[in-house]
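Work through the exercises below with the structure open. Try each task before reading its solution.

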Amino acid sequence: MVTAVRHLGPNWYASVMGTAVVATAGAGLPGHLPGLRTACTTVWALSLAMLLALLAARTLHWTHHRDQARAHLLDPATAPFYGCLAMALPAVGGGTLVVGQDWIGLRAAVVLDFVLFGAGTVVGLTAAVAVPYLMAVRHQVHPSQATPVWLLPVVAPMVSAALGPLLVPHLPAGQARETLLLACFAMFGLSLLATLLMLPLVFARLVAGGPLPLALTPTLFLVLGPLGQSTTAVGKFADFAPGVVPTATAQAFSLLAVLYGVPVLGFALLWFALATAHVVRARRRGMGFAMTWWAFTFPVGTCVTGAESLAHHTGLAVYDGLAILLYGVLVAAWVTAAAHTARGLLSGALLAGPRPAPVALLPVTARTT
């Protein structure tokens, strides 16, 4: 077991995020499809089990393979994935309040969510500073190396911003509730501005440098994460602001939910089409399964919750339809990624170390004299 986790990187937390969002996004769909909530609760329970298993495995990794763990931190291709841990914790915690309370009760759900949200927020704020710092002083990266993976650490606080408001009603009325709500709004701002700084690098690399390598092509869907999650966040602010902040501020939040959410989700659909075109191209050129396929799940799930939020705040049926359509895409992507991951785990291929580069034989010149 100890040897098996040597090459287990922080990118594995993306599978937890992708599983948790299937539960939370499904619970918010319009209508009352029989059995849907029970299915979502089951998926949430799976995400919690996956999180606990990964936390244990990563603890073994750091305990017994510190050289590899340090190498991950100093690798510009791996270090940004520490943002996945920061997002996985509140993603599972938010699902606890949304559907998990059906099985474990409200009190236990609140406690568990507070623990996971608090831990995820601390890790997320740390990663949002530490990873860009390492990129600047240790990684020696070049703009031509920019990929959407660079967004992961700065997007992590946005997940806390979107899920934190769920805890507001469970705090004492007054200062505590307003502090948490505005703290989430602050995390929304810092993550949004950091994303706006990083995203042009990614887009410039894509346009000027050509398509990403095949294995990295699915990461184009990561751009949907800050777009869908920020749309979800402003909707949550509007939902929980009444009675917590002054009336004028609550009304401003309601206005922001629509004036911000509509254009940003529109851009998300544009990027969805662009990313899909790149993935189709890569697939035709032989793109095989890699853990990057989990990028098809959580970012799409945030667009589902963003569409659900806009449906609530605008009353437009078109957003209900969009949420249902995107949720179908999410479930299909999750089933595909989960099946390939399970197959790779059983075969041992996903936990194997990187293959050594082939050794080029030097030409031999024979003497004839």
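**Exercise 1.** Is Phe237 buried or exposed?

Solution. This is a predicted model. Phe237 has a relative accessibility of 0%. Buried means under 20%. Phe237 therefore counts as buried.

**Exercise 2.** Classify the ring pair of Phe185 and Phe188.

Solution. Start with the whole structure: a search finds 12 aromatic pairs. For Phe185 and Phe188, the ring centres are 5.8 Å apart. Their planes meet at 10°. Planes under 30 degrees apart count as stacked, so this pair is stacked. Now place the two residues. They are three residues apart in helix H7 (residues 175-209), which means a separation of about one helical turn. Finally, check accessibility. Phe185 is partly exposed at 31%, whereas Phe188 is buried at 6%.

**Exercise 3.** Classify the pair of Phe185 and Phe237, then locate both residues.

Solution. The centre-to-centre distance is 5.5 Å, and the angle between the planes is 80°. Over 60 counts as edge-to-face, and this pair is edge-to-face. Phe185 sits in helix H7 and Phe237 in helix H8 (residues 224-240).

**Exercise 4.** Which residues does Gln68 contact, leaving aside neighbours within four places in sequence?

Solution. Find Gln68 in helix H3 (residues 66-73). Its contacts are Arg6, His7 and His61, with those neighbours left aside. At 16% relative accessibility, Gln68 counts as buried.

**Exercise 5.** Where does pLDDT stay under 50?

Solution. The chain average is 92, and 95% of the residues score at least 70. Residues 357-369 stay under 50. The model has zero contacts beyond four places in sequence for residues 357-369.

Notes:
Residues are numbered from 1 along each chain as its sequence is written. This is a predicted model: local features need pLDDT of at least 70, side-chain atom pairs count only at pLDDT 80 or more; totals for chains, interfaces and linings use all residues. Side-chain values use heavy atoms; hydrogens and water are left out. Helices (H or I, at least four residues) and strands (E, at least two) are DSSP runs, numbered from the N terminus. Buried means under 20% relative accessible area, exposed over 50%, partly exposed in between (1.4 Å probe, protein chains only). Contact means heavy atoms within 4.5 Å. pLDDT is the predictor's confidence in each residue, from 0 to 100. Rings of Phe, Tyr and Trp (its six-membered ring) pair if their centres lie within 6.5 Å; planes under 30 degrees apart count as stacked, over 60 as edge-to-face and the rest as tilted.
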